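Please examine the model shown here.

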Amino acid sequence: QVQLVESGGGLVQAGDSLRLSCATSGFTFSNYAMGWFRQAPGKEREFVAAISWSADSTSVTDSMKGRVTISRDNAKNTVYLQMNSLKPEDTAVYYCAAAYRGRETTYRIARTYAYWGQGTQVTVSS
């Protein structure tokens with residue numbers, strides 16, 4: 001049974017930081033690139049960040065470069081998203097996803113990812 005469970009979301013003030021976690025099971029974690037997407041109220045789902053299965057490359061959306069860091073711990077089958085200097089426009093449901101042998105050129109494409117979590121809510125007040 002494949003599971004991806006996000007945690008770490010919550011209500012914070014602008015300028016605060018959050019660390020999101022995605023604990024996984026049911027698949028060989030080290031064979032999958034891992035990504036984070038988000039969906040804000042009234043907006044389409046968008047790419048946030050991704051990390052290769054070998055952790056030798058990462059990608060971050062332009063709107064969050066310099067403010068987020070993606071990392072993975074293969075011993076714990078977990079991927080993380082550290083977010084700093086949060087802004088009200090970062091308010092969204094954040095989803096983690098897994099892509100088998102995902103390639104850097106496809107990290108930003110949602111259909112690349114076979115497995116998805118249920119999301120964790122991040123709300124940033126002004």
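Asp-62 is exposed, because its relative accessible area is 60% and the threshold for that class lies over 50%. In this predicted model, the side chain of Asp-62 meets that of Lys-65 in a salt bridge, with 3.1 Å from N to O. Side chains of opposite charge can pair in this way when their charged atoms come close. The structure holds four such salt bridges.

A contrasting setting is found at Asp-90, which counts as buried because its relative accessibility is 1%, against a limit of under 20% for that class. Asp-90 forms a salt bridge with Arg-67, and the closest N and O atoms of this pair are 2.8 Å apart.

With Glu-46 included, Arg-38, Arg-67 and Asp-90 are linked in a network of salt bridges.

Four of them form an open sheet in the order 1-3-8-7, with antiparallel pairing. Its edges are strand 1 (3-7) and strand 7 (68-73), each of which pairs on one side only. On average, neighbouring strands of this sheet are turned by 15 degrees against each other, direction ignored. Within the sheet, strand 3 and strand 8 (residues 78-83) pair in the antiparallel sense over six bridges. Leu-18 stands opposite Met-83 of strand 8. In general, the strands of a sheet pair through backbone hydrogen bonds.

Strand 3 leads on to the cysteines. The structure holds one disulfide, which joins Cys-22 to Cys-96 with an S to S distance of 1.8 Å. This pair links distant parts of the chain: Cys-22 is in strand 3 (residues 18-25) and Cys-96 in strand 9 (residues 92-100), 74 residues apart. A bond of this kind is covalent and lies between the sulfur atoms of two cysteines. Cys-22 is buried, as its relative accessible area is 0%, and Cys-96 is buried with a value of 0%.

How values were computed
Residues numbered from 1 in each chain as written. Predicted model: local features only at pLDDT ≥ 70, side-chain atom pairs only at ≥ 80, totals over all residues. Heavy atoms only, no water. Disulfide = S-S within 2.5 Å. Helix = DSSP H or I, 4+ residues; strand = E, 2+ residues; numbered from the N terminus. Buried < 20%, exposed > 50% of the residue type's maximum accessible area, 1.4 Å probe, protein only. Pairing = 2+ DSSP bridges. Axes fitted to C-alpha atoms, helices over the stretch in contact; angles between N-to-C directions.
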